[in-house]
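Have a look at the model first.

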Amino acid sequence: MNIRIGLGRDIHRLAAGRRFLLGGIEIPFEKGPLGHSDGDALAHAVTDALLGAAGLGDIGEFYPPQEPEWKDADSLLLLKSAWNRARDEGWGLVNLDCVVTCEMPKILPYRDRIRRSLAEALEVDPGVVFVKGKTGEGLGQVGTGEAVEAVAVCLLEKVELEKVEKEVKEKNERK
């Protein structure tokens, strides 16, 4: 079996007047992450984890922050595009586990929506995606409410094309 683990991490400073986005979900808050794109730290961490596991590079290579075309880009669309590249190389997602660290806003009330949003972007069952919210316990930029940080780890499995084609054929025959 050909499996790989990927790890992604992102941190963004928080600033007034920005939308607070996590995994494509807007969370009401007076500050939001600064970034060249929409600043969705969770989507960025997941993108890096997937690209790394697939051996394709990182988010900065595909969507360089110095390029004007990525200014205010929708990070969920960037995630979808990166995942399509990984799938084109034959990779399938076994599971994705994420941790978002920020003092405020609280993540728990939005966790299920975030999980579903990521699962939809990746075209997987929400059961293979999990998101946890943590605080910085008053330590560092995250702990003082100046930043949001996200970490994601994924497990990818090389999908055998013949196996997938057989499953699709069997599914169609049952219809």
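What follows covers the sheet, the helices on it and the nonpolar cores.

## Ground rules

This is a predicted model, where local features need pLDDT of at least 70, side-chain atom pairs count only at pLDDT 80 or more, and totals for chains, interfaces and linings use all residues. Residues are numbered from 1 along each chain as its sequence is written, and side-chain values use heavy atoms, with hydrogens and water left out.

## The sheet

Five strands make an open sheet, in the order β4-β1-β7-β5-β6, with mixed pairing. At the edges sit β4 (31-33) and β6 (129-134), each pairing on one side only. Strands here are DSSP E runs of at least two residues, helices are H or I runs of at least four, and both are numbered from the N terminus; two strands pair if DSSP finds at least two bridges between them.

Strands β5 (residues 91-101) and β7 (residues 147-158) run antiparallel, joined by ten bridges.

## Helices on top

Helix α1 (residues 41-53) lies across β1 (3-16), β5, β6 and β7, at about 155° to β1. Helix α4 (residues 111-122) packs on the sheet too, touching β5 and β6. Angles run from 0 to 180 degrees between N-to-C directions, with axes fitted to C-alpha atoms, for helices over the stretch in contact; contact means heavy atoms within 4.5 Å.

## The cores

Which residues touch the most other members of the largest nonpolar core? They are L42 and I114, out of 38 residues. The largest share, eight residues, comes from α1. A nonpolar core is a set of buried Ala, Val, Leu, Ile, Met, Phe, Trp, Tyr and Cys residues joined through side-chain atoms within 4.5 Å, with buried meaning under 20% relative accessible area (1.4 Å probe, protein chains only).

Beyond its neighbours within four places in sequence, I114 contacts L22, G23, I25, I27, L42, I107 and V131. Another core, of seven residues, lies apart, with L51, I59, F62 and A82 among them.

Methods:
Buried < 20%, exposed > 50% of the residue type's maximum accessible area, 1.4 Å probe, protein only.
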